[in-house]
Amino acid sequence: MFKKFVSFILGTPQPQKQVPAHHVSAYKRAIKERELIKKESRIGGTLFGAVPAGHTREFFVLDEYVCIWDEQWFDEKAGMMRQMHVRYEFQPRGVLKIVNGIAKGFVEGPELKNLMRAVAMYHDRVAVEVYGYAPAYS
Amino acid sequence: MSLLDSVQPNVNTPEEAIGGFIASINHEDQQMRETQNELIPITSDNPRGSKEISRVLPKSTIQPVETHAQVIEFPTRDETTQEGSAKTQPMMAMVLRMRTEVVDNVGRAA
């Protein structure tokens, strides 16, 4: 404590604490995971056709049970940014759709078919374009 | 989020914007109707990809729930959603496996 006080008064730098190796590793892993999700998301966003001007669309697999569709755009009428965040949870009872944090029920009918097709296409393209697997893999 | 907000994304043509439909309904109707945005992948029979559709949902299905734990309040009306989940989930697991493999290599290298 005294040393800290003296070094503060004298303005001398205090020795930096070493970050444990496993913390560095966890950080690097987290950065890499985010980077990969971003790459996947870029592919996912193109699966559904042209993104309207001024919109940002992301579609990606968050983990083995959750798919995310996130769309942001500028609402000129309201003069503010809008966001649509859809979370598809793949549960044993079905695919639950949660829009902006509000559960809307299990996905059925054409939407379910389209979602299934989209995830299959996402898997195929991501395997080849992000992870470098041969097309036969998919 | 209001109903009008939810129909903004993915509007490809004025017809698909369903603006007329939205403008004509009053506040009470807004509570009964739910605009459903759907992502539709590009395929040979649907080269344009996403479009918007609107449908009227039974009132019971649009009651919001706060958390994941309360999903049991939603009735599952047919088995397709269960099948869909069961068929699709393994593909998501495979994506996760590929991702984890790369991330693990980074962890090992560090």
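Visitor: Where in chain A is the place of Phe8(A)?

Guide: Phe8(A) sits in helix H1 of chain A, residues 2–10. Keep in mind that this is a predicted model.

Visitor: Is Phe8(A) buried or exposed?

Guide: Exposed, with a relative accessible area of 65%. Exposed means over 50% here, so Phe8(A) qualifies.

Visitor: Which residues form the nonpolar patch on the surface?

Guide: Phe2(A), Phe5(A), Phe8(A), Ile9(A) and Leu10(A). Together they have about 660 Å² of accessible area.

Visitor: And charge? Which residues gather in a patch of positive charge?

Guide: Arg34(A), Lys38(A), Lys39(A) and Arg42(A) gather on the surface.

Visitor: Take Arg42(A). Which helix is it in?

Guide: Helix H2 of chain A, which covers residues 21–44.

Visitor: Why does Arg42(A) count as exposed?

Guide: Because its relative accessibility is 58%, and the cut-off for exposed is over 50%.

Visitor: Step back a bit. What pattern does chain A follow along the sequence?

Guide: The order is α-α-β-β-β-β-β-α. That is three helices and five strands.

Visitor: How much of chain A is buried residues?

Guide: They make up 41% of the 138 residues.

Visitor: Now the rings. How many aromatic pairs are there in the whole structure?

Guide: Two, over all chains. One is Phe48(A) with Phe59(A), an edge-to-face pair. The centres are 5.0 Å apart, with 80° between the planes.

Visitor: Where do Phe48(A) and Phe59(A) lie in the chain?

Guide: Phe48(A) is in the loop between H2 and strand S1 of chain A, and Phe59(A) is in strand S1 (55–63). They are 11 residues apart, and the pair links distant parts of the chain.

Visitor: Is Phe48(A) buried or exposed?

Guide: Buried, at 1% relative accessibility. Phe59(A) is buried too, with a relative accessible area of 0%.

Visitor: What about Phe59(A) and Tyr122(A)? Why is that pair edge-to-face?

Guide: The planes are at 85°, so the pair counts as edge-to-face. The ring centres are 6.0 Å apart.

Visitor: Which parts does that pair tie together?

Guide: Strand S1 of chain A, where Phe59(A) lies, and helix H3 (residues 109–129), where Tyr122(A) lies. The two parts are 63 residues apart in sequence. Both Phe59(A) and Tyr122(A) are buried.

Visitor: Which residues form the aromatic cluster?

Guide: Phe48(A), Phe59(A) and Tyr122(A) form one cluster.

Technical notes:
Residues numbered from 1 in each chain as written. Chains lettered and ligands numbered in written order. Predicted model: local features only at pLDDT ≥ 70, side-chain atom pairs only at ≥ 80, totals over all residues. Heavy atoms only, no water. Patch = residues over 30% accessible without salt bridge, like charges linked within 9 Å, V, L, I, M, F, W, Y side chains within 5 Å. Areas by Shrake-Rupley, 256 points an atom, 1.4 Å probe, with all protein chains shown as cover. Salt bridge = Lys/Arg side-chain N within 4 Å of Asp/Glu carboxyl O. Lys, Arg positive; Asp, Glu negative; His and termini not counted. Charge placed at Lys NZ, Arg CZ, Asp CG, Glu CD. Helix = DSSP H or I, 4+ residues; strand = E, 2+ residues; numbered from the N terminus. Buried < 20%, exposed > 50% of the residue type's maximum accessible area, 1.4 Å probe, protein only. Phe/Tyr/Trp six-rings, centres within 6.5 Å; stacked < 30°, edge-to-face > 60°.
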